[in-house]
Amino acid sequence: MEQKRTILMATMGLDIGGAETHIVELSKQLRRWGYDVIVVSNGGVYEEELTQAGVRCFHAPMHRRSPVPMLKSLFALRRIIKAERPDVVHAHARIPGFLCGILHRLMKFPFVTTAHWVFDAGGALRFLTNWGQRTIAVSDDIKDYLWDNYQIPGDRVTVTINGIDTEKFSPAVSGQAVRAELGIPADAVCVCCVSRLDDSRALAARHLIAAAPELAKRHPGLRVLIAGGGDVYDELKAQADAANQAAGYPLLHLPGARTDINEIVAAGDVFVGVSRAALEAMAAAKPVIIAGNEGYHSIFTPDKLEEAKLGNFCCRGLPMCTPESLLADADALLSAGPETWKQQGAYNRQVIFDHYSVARMTEDALSVYRQVWRKRTAVISGYYGYHNLGDDAILLSIRRRLARLSGDVELVALSNSPESTLAEYGVNAVKRFSVGQVRRAIRQADLLISGGGSLLQDRTSTRSILYYLFVIRTALHYNKPVMLYANGIGPVTKPTNRRRVRDVVSRADAITLRDGDSLAELQAMGVDHPRMTVTADPVFTLNGIPPEQAKKRLLDEQIPLDQPILAVSMRQSAHIAGRLDELAAFCDKAAQTHTVLFIIMQTPDDRAVTEDIRARMTARSYTFASPGEPETMMGVIALCDAVFSMRLHTVIFAAKERVPVMGLVYDPKVQSYLELLGMPSCGTPADFSAETGQTVLTGLLQNRAEYAARLSELAPRLEAAAGENEQVLAQLLGLTEQEQI
């Protein structure tokens, strides 16, 4: 049930052209990075290349402006978008942008466009143009054009580049097969041009054909290769045939539209062209004359780089090319010889590496997609909104790790107090016991996180286990992926409850557990899941506040720092009421050498039992609470000499801060973590005595250095294991590496 972002490209066609190649390279790179890419067009020669790269292609006659094809395209796009539900629709060219704009208003999908060229903005054509929610421009001057003609604000336009595949276009690519196919001798000097041979694009090709006879006189045996097809191909081919007849040999080769452009470019020694074609030739380490319908740059040299970049190597605003200027520059470049070609080609290729990589182009597109696409939503179910620092620390750590993982995922908690959950932890929340709100949140989400914490247990009540299983069942009902995130399992004692847990948990998509005992418990219930692993409690990824801040907090509470601190963390549980005097006696004894600091992990629950113990003590003690601030409590614990705890997350806080801890085991989960950490136990509350506690504390302090060293070794490993939780989560959300921060 893994999800992937789906990107739909809408364009006129997939025949030879700079914009078309841009779309092909962008689509292929997105696919390599793990995105599902769909291209809708009228088809063309590049469709096979896209299909082989895993890009799905659909057809719509968007290459024609007349009403019937446009209406057919509108219905085809609507059908595809409804079926595929893309995360973003990316339109290229006027007609696809216009049609997608109509559907965007009706279907509300995220919508961006790319301006590859400048359009006629006059008359009714202005109303056939839609630039989407965000626009990508392939050069700075196109960005200016968008403002001048359509008043598109600069903050809605991202300038990108025409990214070039430097492996596909490389000096390592051979052009010998093309030369052999076309009958160009291996030792002949060849001028190459790649262009769409439409009247609006073919000016450089026209001039090259016109200059070729004189150029051949100055460089005997010269060959000129012009690849491309279009509406003036037949006219130019006739001119070439006439020139060949006059020259007495095949001076000009016009093989028509080709897809092996990298081999075509490799077959030439020097290149004439514009925009993307020129950049591809530069990537292949060819010397280049930049010439096109918009203007003329002449031979590309380092001093022309900044000017060329401003216009995306399209020559806009520069003087126009003439056959005479092209002849003069081509003659000069051919006369310079192979050593100069090699030097210029090496520089040109470095320009591509520095400024025109496909990865950079794709990152630019992704940055725009992220501005418009709907964030993924993960609903998290746990014991949240009860002012329990342990569970709140879990929520905070998961939120932090999720934000660290990706900025494209929003967390929504099922909370007993949605307002405080939002205020304290920045997590949107809904009422956990409102069936309607819970179902709505899960239905609108992309995934359910169950946990962390010990949710699936019936020690407190069967009602608790039924609630958490209900939440998971709701997600399964809506076909949402379910992850048990660093769960502690058990105890589950009733046979009926064990069957319930087995039946529901077995249907989860992934299960991570915070300890080996939880794994053994699920396996004992009959859960045999292929994606069930032991990680660690997510709280191991949190860090306490710095020591100076923690000291200030204690001093502000008038808690002295003149002797070592023993932190004591108690909670209500069965049997503890009969052991309050023993606990008080233990704390009195400890107060002879330590400041006894009771810490409140859950408000107000822990305060009552804490005050009962303090009331029975003869020595002075102190209380510290930091509701809503797990990291503050961790920082305070880091100042302590030792910790005595009933609560599991106080044990974990201490372990994270490398502070030796002794436990009072009211629940098997506490014993499990004490054993994992190699920390001593004082037994259960029913068995506790002041003498037992003092004996354990004495041993803990006498061997403090060894215990601290053990925690220093274990804590980083547990932190790394806790980090594995988020990688499982990333897989279930379908986050690609590029979406991960």
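## Aromatic pairs

Y467 has a relative accessibility of 11% and therefore counts as buried, a term that means under 20% relative accessible area, with exposed meaning over 50% and partly exposed in between (1.4 Å probe, protein chains only). Y468 is likewise buried, its relative accessible area being 4%. The model is a predicted one, in which local features need pLDDT of at least 70 and side-chain atom pairs count only at pLDDT 80 or more, while totals for chains, interfaces and linings use all residues. Residues are numbered from 1 along each chain as its sequence is written, and side-chain values use heavy atoms, with hydrogens and water left out.

Across the whole structure, a search finds 15 aromatic pairs, where rings of Phe, Tyr and Trp (its six-membered ring) pair if their centres lie within 6.5 Å, and planes under 30 degrees apart count as stacked, over 60 as edge-to-face and the rest as tilted. The ring centres of Y467 and Y468 are 5.1 Å apart and the planes stand at 75 degrees, so this pair is edge-to-face. Elsewhere, F300, F313, Y347 and Y356 are linked into a cluster by ring pairs.

## Charges over rings

A charge sits over a ring if NZ of Lys or CZ of Arg is within 6 Å of the ring centre and within 35 degrees of the ring normal. R5 lies over the face of W373, at 4.2 Å from the ring centre, and the charged end of R316 sits over the ring of W117, 5.2 Å from its centre.

## Cysteines

The count of disulfides, each defined as a pair of cysteine sulfur atoms within 2.5 Å, comes to 0. For C100, the closest cysteine sulfur belongs to C57 and is 15 Å away, too far for a bond; C100 counts as buried, at 0% relative accessibility. For C192, the closest cysteine sulfur is that of C190, at 6.1 Å, which is also too far for a bond, and C192 is buried with a relative accessible area of 0%.

## A parallel sheet

Strands (E, at least two residues) are DSSP runs numbered from the N terminus, and two of them pair if DSSP finds at least two bridges between them.

Strand β22 (residues 595-600) runs parallel to β23 and is joined to it by 4 bridges; the bridge partner of L597 in β23 is Y622.
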